[in-house]
Amino acid sequence: MLRLLRVRHFALIDELEIEFESGFNLLSGETGAGKSLIVDALALIAGAKASADTIRSGESRAIVEAVFQPSGTLDLARIGIDPEDELVLRREISADNRNRVFINSQPSTVTALRTIAPYLVDIHGQHEQQTLLDTSKQLAIIDHAAKAESLRERVHTLYDAIRSLEDEQAVLEQDESELLQRADLLRFQREEIDRVQPTKGESDRLGEKVRILAHSGKLLEAASGGYEALYEADASILAQFASVERSIRDAGTDDKRLADIAEQATTVRTLVEDLAYTLRDYLNKLEVDPGELEQLQARLAELERLHRKYGPELLTHLETVSQELDNIGLRDSKRIEIKEQLEKLRTQYQKAAEELSQRRRTTSAGFAKSVTSEIQSLAMPDAEFRIDWATLDPGRATGIDAPALLLKPNAGEPAGLLAEIASGGELSRAMLALRTVLVGEDTDRTLVFDEIDAGIGGEAAETVGRKLKLLSGTYQVLCVTHLAQIARFADQHARIEKLVVDGRTVTRVEAIGGDGRIEELARMMSGPNVSDAARRHVRELLKRQ
């Protein structure tokens, strides 16, 4: 609900502030006083295009600010705005076209305004912010009348699921040729490594064995020479040491200290003997095969070539390659799975959308008849309203239907699109008729009616006033009018005046009630020269509400 509107330096408005209440709010004033400027300012809050031409002469910028009590259906978080008890929308229009938008004091965009405006205000007149002229809104209205909201939601859910799978399918299919080339490369790498069949640590083991075989002569010479010197030679080190050990042990019978040394000698001899046996075992196991050396060198060269290409951890690389190939294979399986799911979902969507379409078209005939009856009661006795349908292929989130709201304002004229054929006053009355039929739908919004009194008077104006009063029991209604027959039904009444202050024309607004309101209604009925008879007539009208 709209609580407050502040306007500065906008056209004829220098500074203006209007408070609004629930129920029927009305703005009146003489022609040219600036009543429609209030609606224009609200249109800017709803995201209408801004022009530097609307800035008051001599000023650098115009400012429009509106304070709303937001509805529970408005999700501000989705546009990055923290929800608060009040919603403050502000637009600044600069002469240099550097326009700015603020939502709850946070910098924002016109796009954000246009996103949230349909939840706040619906302007009926010559403004583009008329939500009832939006196709998706029209469908929602008809679905509400047809009690088909759950079916509509199912169509929407199926459509979203289809789009999600289509997006996933597109990702899987993009750069398909590059993916195939990658798979060929990976298969080649896997086959190349598999042919060699490396084992963990094989290169290190082969390198060590190749070094042994390559230097086998040197190794034989060293080991055999050592064994002979230690053990085999007639004057071997072990034989000489054994002689020394016996001599010391014999002398140790006379000196206990030599006996201890003899024990040490025995230990050393045993070590030398073990060393000799170790060299003998080494010689027995040492193999010298030139053919094996050649084979091992060839194997090592093949492994080193693979290491240069794929890194030191061949088995790790092989595992990575196999995993990626498996993933590519899974993509193929996933592609087939998605294709099957899409076929199933599209069948379900088409069935649900056709059922929804049938419900809509069946309901729309009675709905159009009710709207026609309402429009005819608003000084358009020959008007006819109908809804034509076109089928969309492919369908959308709202189904396979494209409605066209058609109006024939006068007898003998062809019907045309409501938004194109109707004048401002006719369009406002058509919207009032629609709202009257739809009373109770989207009750949180403020309904604004401008030019609704164009070309009517008398009994028709009385009817318009009563219908606006009826709507105000469910919605907050704001109406701009110059007809007392409409204005008398208002719960709150404000008068717009055009004055000259310090040599400049300005627009002012004043909330009126009591005698002030009686005076304004009398002026609206009889002109500037208000008579006592006009005042008495107004009092009688107010009593008959």
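How many bridges join strand 9 (residues 384–396) to strand 10? Select both strands in this predicted model and you will find nine bridges between them, with the two strands running antiparallel.

Keep the pair on screen and look at the turn, where two residues lie between strand 9 and strand 10 to complete a hairpin. Now colour strand 10 (residues 399–408) by accessibility: the strand is mostly covered, with eight of its ten residues buried.

Next, move to the largest nonpolar core, which has 50 residues, and display F24, I375, F385, L418, F449, L468 and I486, the members that touch the most others. Helix 13 (residues 424–437) gives the most to this core, contributing six residues. Centre the view on I486 and, setting aside its neighbours within four places in sequence, show its contacts, which include F24, L26, I452, V464, L468 and C479 as well as D453 and T481. Another core, of 42 residues, lies apart from that one, and L5, V7, V448 and A494 are among its members.

Finally, select E245 in helix 8 (residues 237–251). With a relative accessible area of 9%, E245 falls under the 20% cut-off and therefore counts as buried. Beyond residues up to four places away in sequence, E245 touches A262, A265, T266 and R269, and its side chain makes a polar contact of 2.5 Å with the side chain of T266.

Terms used. Residues are numbered from 1 along each chain as its sequence is written. This is a predicted model: local features need pLDDT of at least 70, side-chain atom pairs count only at pLDDT 80 or more; totals for chains, interfaces and linings use all residues. Side-chain values use heavy atoms; hydrogens and water are left out. Helices (H or I, at least four residues) and strands (E, at least two) are DSSP runs, numbered from the N terminus. Buried means under 20% relative accessible area, exposed over 50%, partly exposed in between (1.4 Å probe, protein chains only). A polar contact is a pair of N or O atoms within 3.5 Å; within protein, one must be able to donate a hydrogen and the other to accept it, and residues adjacent in sequence count only if both atoms are side-chain atoms. Contact means heavy atoms within 4.5 Å. A nonpolar core is a set of buried Ala, Val, Leu, Ile, Met, Phe, Trp, Tyr and Cys residues joined through side-chain atoms within 4.5 Å. Two strands pair if DSSP finds at least two bridges between them.
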